[in-house]
Amino acid sequence: MEAGIEEQRGLYQKRIPIFPRSIKGKFRTFKTSMLALAYAVFFGLPWLPWSREGAPSQAVLFDLPHREFFLFNLTIYPQDLITLSLLLFIAAVLLFFVTGLVGRAFCGYFCFQTLWTDFFIFIEKWVQGERPARIRLYKQPWNGEKIVKMALTHGLWLLVAFWTGFTFIAYYAYAPHLLLAFVTGHAAGVAYATVAILTATTYVAAGLAREQVCMYMCPYARFQGVMYEPETLVVSYDIHRGEGANGRAVPHAGLKTREERTALGHGDCVDCGLCVQVCPVGIDIRKGLQYSCISCGLCIDACNTIMDSVGFPRGLVRYDSEIDIESDQPDKPHLSWRRVRTIGYGAAIAIMTSLLIYKLATRASFVVSVEDIRAPLFDVMPNGDIRDRYQIRVTNKTATAKTYTFSVENLPPGSLHLGAIPELTVPSGQSLMVQVGVELPHELAEETHEIHFVVTQKGPHGGSIEQHAHYFGERD
Amino acid sequence: MTDQVQSQAPQTTGHVWDGDLQEYNNPLPAWWVWAFYATVVFALIYWVLYPAWPLGKGFTKGMDTITYVNNLGQTKTVPWNTRALLMKEMNKAAAEQKPYFEKVMATPYAQIVHDPELSNFVLSAGRSLFLNNCAACHQSGGQGLHGLSANLTDDYWLYGGTFAKIQQTITYGRHGYMPPFRDVLSGTQIAQLANYVVSLSGQPADQTAAKAGDVLFHSQTAACYYCHGVNAKGRSVIGSANLTAPVSWIWTAYRSSNTPAENVAAVAHTIEGGVYKGVMPTWKDRLTPVQIKVLTAYVHELGGGQ
């Protein structure tokens, strides 16, 4: 640029459009099956009926107003959420574990941003055609064909985005009733707002922003790099084999067979550019590992297709470790798990999963909390006895009303005064409280420091829970 | 950015200083700039709808309004503000509580405390009523304060601990009074009475003085029995103290940890000066009948209800 000439430039960087070419191959097949599975689960689950006593017959339902979360035969109450938070830990460590082994597999095959973008590209391709047709359409001036195709594409995107938003809220209310109320305008305002917001964000993120979400918004994309080790399998271009001594070269007469190419010092890469064309984030894998790469494997499918057609061995682009790629005598690509980090993550997953299963399997059907009433600490009865009072709260976590009885351990009979409610009946999913007094003779009160309350659920599959509480008496 | 489009040489801002000093141009992504514009649009809409700009002594009130019912039962519609929002939420909560209050009003006391759900409502609604109205004197748990108020959690009651008596006490209040005896009785007589009162609860006292006090207590001279009863256990009709249970006394500085002489002196002090502070205000003009009913059941369930 010449000195003194000031060129006016835009203040911001426009998105450079990417038109990924579709490709066939095993990674594409895996991605498509994951997409089908994830969509079947996400869109289908709210409509799966499940017979349940005294609650909506929906297999998965998060009933926020009633603080009940139904997961098939499991009913979870807010008290259990601390147990379920283990799930989050397991998910996080599983992510670290997988990333350490095979790189950003989550990004490439399971992340909802990737899945929805993938599906939106399917729609785009179905309406507008393959990559060259889409580029042509993009470049041509606005005419009837372009308006119709663009409108159809964006219309279908909005439709998918809307159904995504509606499916999300269908997890929070009985879906058939919600749908009816929604279309007749009787659903809650928050339902419409949530669907509107989710429709907009889905449309923008999967239709318009796409790879920019991964590159600029997603924190995970940026910090995943620190989980990589030299042994980690990542999507790599075999630079030694591809470039040779004199770089990649387009085949022409005299440079077609491997022998000819080797003789002239050229590598196996025929510089067809297909790996770049199929890339949903628009990068060139031949430049090496990049933060934009979501590790979807489509360039592997693309390169293998080309290698097959020119008769070279597959695997010029492949899952391999940094060690192998840089070595002159590379091993066959293999999963390497004998590392402190991988074993540590694996052990953490095993321990936490066992803990979660144990906790869920042994969780009691009711919750007891005993609170000492500390104002006053105690009362002196007319006969000189010391009385301390307690509030006992019982939460019934079963599907039917249950009755509970109360007792204390290691104290003379008659020490526990239950008042007006000797047996407490608690409806399903609710919690109720009783106030009780423990009355002890002066001498016994002086040596008693703790009361062991036992709450027993009557009927079959009952069981008892013991809770300890402080006893305050007159001490000399 | 993308390799699908041929990458270009790095862009510069176009400024050149000192002949060769240039600056790279790293523009903001489009989505970021549009998100910034969206916040501007959001702010504009916000200004129209909600209180925003200060104008001298006032401010722009915005177009959004809130309708609520105030404490006098009047329906008000005002520009959006947080106080009105709170009032509206309180209206909503009151509407949700209403069926419970109606059920409490329609149910006899004995049934309220036996019904787990109603009694749980009374315990929580009663607690907030108690903390707002009663706890200043009777303390947060109803344990009372020596020299100020009665303990509502034990089994001693000055005016009776049945539902009916508690409701009467809350509705109409109480006025406990004991006349001063310093001008009626001699110092010796007061000391004799004090020894007698202390001996009633089995505490050490001068036996000779206590015997004389016994006679005096039941005589027409002092006429203590008239209010405190022949057996000195107090009479709930007038709220006189049970002299056999010092633990229930409010106005006398009696402590089991004191020396006997100190306790005799404390009782003598009360006999000399009388009791004139035992006033509980009436609540019938400040609380609604259903609030009094909830409070009655709550106090009854504090532990001492009869």
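1. The interface between the two chains comes first: in this predicted model, 38 residues of chain B are in contact with 38 residues of chain A, where contact means that the C-beta atoms of two residues, placed from the backbone, lie within 7 Å. On the side of chain B that touches chain A, at least two residues each come from β1 (12–17), β3 (28–29), α1 (30–49), α3 (109–114) and α4 (116–133) of chain B, and the residues of this side divide into 14 nonpolar, 19 polar and 5 charged. In these classes Ala, Val, Leu, Ile, Met, Phe, Trp, Tyr, Cys and Pro count as nonpolar, Asp, Glu, Lys and Arg as charged, and the others, Gly among them, as polar.

2. On conventions, residues are numbered from 1 along each chain as its sequence is written, and chains are lettered from A and ligands numbered from 1 in the order in which they are written. As the model is predicted, local features need pLDDT of at least 70 and side-chain atom pairs count only at pLDDT 80 or more, while totals for chains, interfaces and linings use all residues.

3. Chain A has 17 helices and 15 strands, these being DSSP runs numbered from the N terminus (helices H or I, at least four residues; strands E, at least two). Of its 476 residues, 29% are buried; a residue is buried if 20 or more other C-beta atoms lie within 10 Å of its own, exposed if 12 or fewer, and partly exposed in between, with C-beta atoms placed from the backbone.

4. In chain A, β2, β3 and β4 form an open, antiparallel sheet in that order, strands being paired if DSSP finds at least two bridges between them. Its edge strands, β2 (60–63) and β4 (74–76) of chain A, each pair on one side only, and the twist averages 15° from one strand to the next. Between β2(A) and β3 (residues 68–71) of chain A there are 4 bridges, and A:D63 stands opposite A:E68 in β3(A).

5. Helix α8 (residues 189–209) of chain A has 21 residues, which at 1.5 Å a residue should span 30 Å, and the 28 Å between its end C-alpha atoms agrees with this; the expected span is 1.5 Å times one less than the number of residues. Buried residues of α8(A) include A:V195, A:T199 and A:Y203, and the buried residues pack against α4 (112–128), α6 (144–170) and α9 (211–217) of chain A together with α1 of chain B. Just after α8(A), A:R210 takes a positive phi of about 45°.

6. In chain B, helices α2 (residues 82–106) and α11 (residues 289–300) pack at an angle of about 75°, with their axes 10 Å apart, which makes α2(B) roughly perpendicular to α11(B). Axes are lines fitted to C-alpha atoms, for helices over the stretch in contact, and angles run from 0 to 180 degrees between N-to-C directions; angles of 65 to 115 degrees count as roughly perpendicular. This contact is made by B:F101, B:V104 and B:M105 of α2(B) and B:V290, B:K293 and B:V294 of α11(B), and its residues divide into 5 nonpolar, no polar and 1 charged.

7. A:A375 lies in the loop between β7 (366–372) and β8 (379–380) of chain A and is partly exposed, with 13 other C-beta atoms within 10 Å. Not counting residues up to four places away in sequence, A:A375 touches B:Q139, B:S140, B:G141 and B:Q143.

Key
Parallel < 35°, antiparallel > 145°, perpendicular 65-115°, else oblique.
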